[in-house]
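The points follow the order in which the side chains may be inspected.

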Amino acid sequence: MTVLPITLASESEPRFTQDQRGFGTRAVQAGSPHDVVTGAVIEPISLSTTFAQTFPGNPIGQHEYTRSSNPNRNNFEQAIAALENAQYALAFSSGLAAMATTLQALATGSHVISIADLYGGTHRYFTKIAAAHGISVSFTVALEFDIRQLLVEHKNTKLVWIESPSNPTLTLVDIQAVAGIAHEYGVYVVVDNTFLSPYIQNPLDHGADVVLHSVTKYINGHSDVLMGAVAFNDAEINERMSYLQNAIGSVPSAFDCWLAHRGLKTLHLRARAASDSAVAIAAALENSPHVRLVHYPGLTSHPQRKIALKQHRKGLGGGVLSFRIKGGKQAAERFCQLTKVFTLAESLGGVESLCEVPAVMTHAGIPREAREATGIFDDLIRLSVGIEDTEDLVTDILAAISQAVHVPDDRSVIQTPSIDAAV
């Protein structure tokens, strides 16, 4: 097996060399050297927090202290860089930690332009925390159309924030179009690629400057790791972000890096299987008389299908979709309690299929007016499609919809308190 060398980051030299092999080959082999002592094919877990030195200031290898660098984290970062066609990648303790560090890399007084329909945790940071660091944020529901005017109005804009697809209404953004305008004004573009994963979309290839992931979701894929990551090609961004990674210390453990790296090796298989089932489910929902609207970019009826064909591998729609059920909030809550294969739970991207009601779960912390302005109504249900058999998933969805819609309004429903988890 050919193993790509890891090089130390510098201002002029890429940390990782470009890997031109197929995606599946990169997923399995990138950042996976054989152990030079034992010959182990799978890397050992390096739990040591500190590393020996031959004399003061001269460590035996490239590691001194695990917060600054760790063999498992370095290998995982190399794999992320390989899958996102990047020269640099950094891992963090969560997706929100990766997002917060990215924002903290901006100078005080900077402005951010963001899509309005986005992950609840990001919205919470932008509206309740960013100001404490001297960062202001403006939102738009039509980024491609509004960006130039917003850049003119906010001359201190340093960053444009994109989710494509957005969470949870699966709105797409033409990354290349937005990046082209942003770069005219010297503004960086960040794309949260969590919903699609590197297998389906590579934002850097479309002009983005930074791509961000909640590794917790598709990259790890097994709902047992909390982690985030960013990837990019700019040496100056790497210098600033790697400094903050070490200085702030929001780094993942060696064990979590090892687990996430193991999960990443099957990403291409899982993402493809989830997409195949998701499009079948979306088609069934679209034909159901009990469904008001389906959001899924893998459908030919999606209003931005052309963007999916342009940006997504083979036009795949990913494993997440959402829909509005007839019967309002009560029907949505009943549906999630009636499914047998889908589990009512937050998060997404795991091998198991999940369902949730964003308005009272992941996006509960967003005011109703702001939620509904972006299409997040009380009757909206988000599905994260796993890798179970497609027929079982479709059957489960249709059965639960029929029961949820036809149950009398006075039928008792288990009430659970909403929490602002923003997963």
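Is Trp 161 buried or exposed?

1. Trp 161 is buried, with a relative accessible area of 0%; buried means under 20% relative accessible area, with a 1.4 Å probe and protein chains only. Phe 126 is buried as well, at 5%.

2. The model is predicted: local features need pLDDT of at least 70 and side-chain atom pairs pLDDT 80 or more, while totals for chains, interfaces and linings use all residues. Residues are numbered from 1 along each chain as its sequence is written, and side-chain values use heavy atoms, without hydrogens and water.

3. A search of the whole structure finds 6 aromatic pairs (rings of Phe, Tyr and Trp, the last by its six-membered ring, with centres within 6.5 Å; planes under 30 degrees apart are stacked, over 60 edge-to-face, the rest tilted). In one of them, Tyr 88 and Phe 232 have ring centres 6.0 Å apart and planes at 25°, so this pair is stacked. Tyr 88 belongs to strand β3 and Phe 232 to strand β9, 144 residues apart (strands are DSSP runs of E, at least two residues; helices are runs of H or I, at least four; both are numbered from the N terminus).

4. The ring centres of Phe 126 and Trp 161 are 5.6 Å apart and the planes stand at 90°, so the pair is edge-to-face. Phe 126, Phe 139 and Trp 161 form one aromatic cluster.

5. Two arginines call for attention. Arg 313 lies over the face of Tyr 199, 4.5 Å from the ring centre, and the charged end of Arg 324 sits over the ring of Phe 377, 4.1 Å from its centre (CZ of Arg or NZ of Lys within 6 Å of the ring centre and within 35 degrees of the ring normal).

Key:
Buried < 20%, exposed > 50% of the residue type's maximum accessible area, 1.4 Å probe, protein only.
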